[in-house]
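Try each task before you read its solution.

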Amino acid sequence: MSDEFLVKVRRAIGFDGLISIIIGAFILFLPGRSARVVAGMMGAALIAAGLFKLLSIFKKDSANDVTRLGHLISSVIYIVAGLFIFIDMQAAAISLILVVGILTGMAWLIEGIIQLTILNQMGTNKVWSILSAAISVIGGLSLLFSPLLGGVLVWSFFGITLLIIGIFKLIQYFTLKN
């Protein structure tokens with residue numbers, strides 16, 4: 001490989017590590033603010049999507065009036081949803097964390113149930129499969145019964161993960177040769 005390519009790879013690793021550390025620390029040490037920032041980005045994306053759908057109504061090559069009506073309705077829903085996020089950012093951040101907790105809980109519960117249903121098809125040691133399934137089911141149920149606390153824990157874990165990945169990438173950056 002060329003030296004120029006390795007320099008670019010090294011820079012990308014260093015930049016990625018630095019960004020991961022910044023975002024991870026932001027999520028870990030300021031979970032409420034970081035959730036509000038993410039909710040704000042989602043609100044902006046919803047408004048932008050609604051505006052683009054609204055502009056598509058005026059295209060002359062649109063299929064028919066039913067399609068235009070569908071685009072109009074969905075664009076209004078997107079714009080209103082985005083505006084609601086900006087009206088109360090704190091509620092939007094709490095809702096975001098609740099959604100993270102609920103969806104993670106549902107995913108873990110379903111994963112555990114699937115593991116239990118395919119248990120008979122596993123040819124290897126079933127003890128580890130049962131233990132893994134039980135942990136998934138218990139973890140999923142605990143998140144579903146306390147989604148706000150679970151969402152905060154998952155959000156914090158995400159921040160810790162980004163922080164650790166960023167540290168390792170910076171170590172890799174400094175140990176790679178120029």
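**Exercise 1. A residue of α6**

Does Q172 count as buried, partly exposed or exposed, and at what relative accessibility?

*Solution.* Start with the ground rules: this is a predicted model, in which local features need pLDDT of at least 70 and side-chain atom pairs count only at pLDDT 80 or more, while totals for chains, interfaces and linings use all residues. Residues are numbered from 1 along each chain as its sequence is written, and side-chain values use heavy atoms, leaving out hydrogens and water.

Next, locate the residue: Q172 lies in helix α6. Helices here are DSSP runs of H or I with at least four residues, strands are E runs of at least two, and both are numbered from the N terminus. Now apply the cut-offs: buried is under 20% relative accessible area, exposed is over 50%, and partly exposed is in between, with a 1.4 Å probe and protein chains only. Q172 has 36% relative accessibility, so Q172 counts as partly exposed.

**Exercise 2. Where α2 meets α4**

Find the angle at which α2 and α4 pack, and describe their contact.

*Solution.* Take helix α2 (residues 31–56) and helix α4 (residues 89–117): they pack at an angle of about 95°, with axes 8 Å apart. The α2 helix is therefore roughly perpendicular to α4. Axes are lines fitted to C-alpha atoms, for helices over the stretch in contact, and angles run from 0 to 180 degrees between N-to-C directions. Angles under 35 degrees count as roughly parallel, over 145 as roughly antiparallel, 65 to 115 as roughly perpendicular, and the rest as oblique.

Then list the partners: α2 contributes G32, A35, R36, V38, A39, G40 and M42, and α4 contributes M89, Q90, A92, A93, L96 and I97. Contact means heavy atoms within 4.5 Å. Sorted by class, these residues are 9 nonpolar, 3 polar and 1 charged. Nonpolar covers Ala, Val, Leu, Ile, Met, Phe, Trp, Tyr, Cys and Pro; charged covers Asp, Glu, Lys and Arg; the others, Gly among them, are polar.

Finally, zoom in on R36 in helix α2. At 25% relative accessibility, R36 counts as partly exposed. Setting aside neighbours within four places in sequence, R36 touches M89, Q90 and A93.

**Exercise 3. The largest nonpolar core**

*Solution.* A nonpolar core is a set of buried Ala, Val, Leu, Ile, Met, Phe, Trp, Tyr and Cys residues joined through side-chain atoms within 4.5 Å. The largest one holds 7 residues: I27, A35, A93, L96, I97, W155 and L162. Now follow L96: not counting residues up to four places away in sequence, L96 touches A35, V38, A39, M42 and W155.

**Exercise 4. α5 and its two partners**

How do the axes of α5 cross those of α4 and α6?

*Solution.* Begin with α4: its axis and that of helix α5 (residues 126–145) come within 7 Å and cross at roughly 155°, so α4 and α5 are roughly antiparallel to each other. Turn to α6: the axes of α5 and α6 come within 5 Å and cross at roughly 115°. That contact involves L143, L144 and F145 of α5 with P147, G150, G151 and V154 of α6. By class, the contact of α5 with α6 has 5 nonpolar, 2 polar and no charged residues.
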